[in-house]
Amino acid sequence: MFIIIAEIGKKHNLPYHCYMKKQGRTFRKVAVFDIDGTIFRSSFLIEITEALVNEGVFPPNVRSIYVNAYRKWLHRRGNYRDFIDRVIFAFEKHIKGVPKKTYLKVAKKVVSFHKKRVYRYTRDLIGELRRRNYYLLAISHSPKEIVDSFAKELGFNKVYGWVYEVGSERRFTGRTLYSELIRDKARILKRAVEKNGLTLRNSVGVGDTETDIAFLKMVDKPIAFNPNSKLYRYAKRAGWKIVVERKDVIYKK
Ligand SMILES: [Mg+2]
């Protein structure tokens with residue numbers, strides 16, 4: 001339906017939202033959020049990997065894959081990206097063969113334990129945008145099942161996350177699905193806008209690393225929240241709002 005209307009819009013040489021407005025259609029405004037480090041005060045990928053080791057689903061030596069990178073980051077001698085990349089490697093290496101049912105049980109525990117571990121600034125902003133009837137979209141590079149239930153509890157309408165393929169006997173194959181799409185956060189936002197009849201006018205976006213720049217560039221009100229250095233430099237040049245939450249203080253500029 002929307003594809004047809006978008007085509008009609010093109011035919012009339014009008015942007016999609018202008019054509020729809022002309023037709024008397026109203027659009028819901030969209031707010032898009034990253035999850036790890038933006039709403040959640042940790043990373044769900046790290047938490048699920050650690051939980052799978054603690055529950056005996058992954059062998060204990062899985063930690064040896066990322067422990068050095070973790071120490072370096074902890075001692076401010078390495079960076080967070082290197083640590084996360086080692087965790088992704090560990091998770092993807094060991095998820096193969098794990099029954100989905102077992103994984104879901106652990107994922108449920110992780111979400112139930114961590115669901116309140118959020119930043120005040122983004123929690124309050126989500127509440128405000130919900131009251132203003134924004135369509136809330138979350139795009140994460142953590143596993144979908146986890147971020148799905150976390151974000152739905154916060155009132156998100158739609159959540160995109162990393163999808164792992166399930167094969168015979170409902171066990172993970174170790175392969176990922178739709179990775180090209182999930183990696184590209186701008187493409188996801190564009191797709192969600194078209195599929196759900198949304199508008200980017202007055203749209204809001206919040207992210208904390210350079211992987212979020214792609215969707216932040218598309219929204220009307222981009223916010224770099226607790227940005228890493230790459231996002232901070234970009235946001236400063238682009239004149240984006242920068243917000244930092246430290247202890248119980250929120251700095252805005
Ligand atoms: Mg993040």
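How many residues lie between E3 and E4 in their hairpin, and which residue in the turn has a positive phi? There are five residues between them, and glutamate 169 in the turn has a phi of about 55°. I will come back to that hairpin.

First, some ground rules. This is a predicted model, so local features need pLDDT of at least 70 and side-chain atom pairs count only at pLDDT 80 or more, while totals for chains, interfaces and linings use all residues. Residues are numbered from 1 along each chain as its sequence is written.

Now the chain as a whole. It has 12 helices and eight strands; these are DSSP runs numbered from the N terminus, helices being H or I with at least four residues and strands E with at least two. The radius of gyration is 19 Å, close to the 18 Å that the globule rule gives for 253 residues, so the chain is as compact as a globular protein of that length. That radius is taken over C-alpha atoms, and the rule is 2.2 Å times the number of residues to the power 0.38. Along the principal axes, the C-alpha atoms fill a box of roughly 60 × 45 × 30 Å.

Next, the sheet. Eight strands form an open sheet with mixed pairing, in the order E4-E3-E2-E1-E5-E6-E7-E8. Two strands pair if DSSP finds at least two bridges between them. E4 and E8 (249–252) stand at the edges with a single partner strand each, so one side of each has no neighbour in the sheet.

E3 (residues 158–166) and E4 (residues 172–177) run antiparallel and are joined by three bridges. Valine 163 has leucine 177 in E4 as its bridge partner.

Elsewhere in the sheet, E5 (residues 198–207) and E6 (residues 221–225) pair in the parallel sense over four bridges. There, valine 206 has isoleucine 223 of E6 as its bridge partner.

Last, the interior. Of the 253 residues, 36% count as buried, meaning that 20 or more other C-beta atoms, placed from the backbone, lie within 10 Å of the residue's own. The largest nonpolar core has 63 residues, and Val32, Ile35, Leu137 and Ala138 touch the most other members. Such a core is a set of buried Ala, Val, Leu, Ile, Met, Phe, Trp, Tyr and Cys residues joined through C-beta atoms within 7 Å.

Take alanine 138. Leaving aside neighbours within four places in sequence, its contacts are Phe33, Ile35, Val147, Ala151, Phe156 and Val159. A contact here means C-beta atoms, placed from the backbone, within 7 Å.

Conventions. Buried ≥ 20, exposed ≤ 12 C-beta atoms within 10 Å, placed from the backbone. Contact = placed C-beta atoms within 7 Å.
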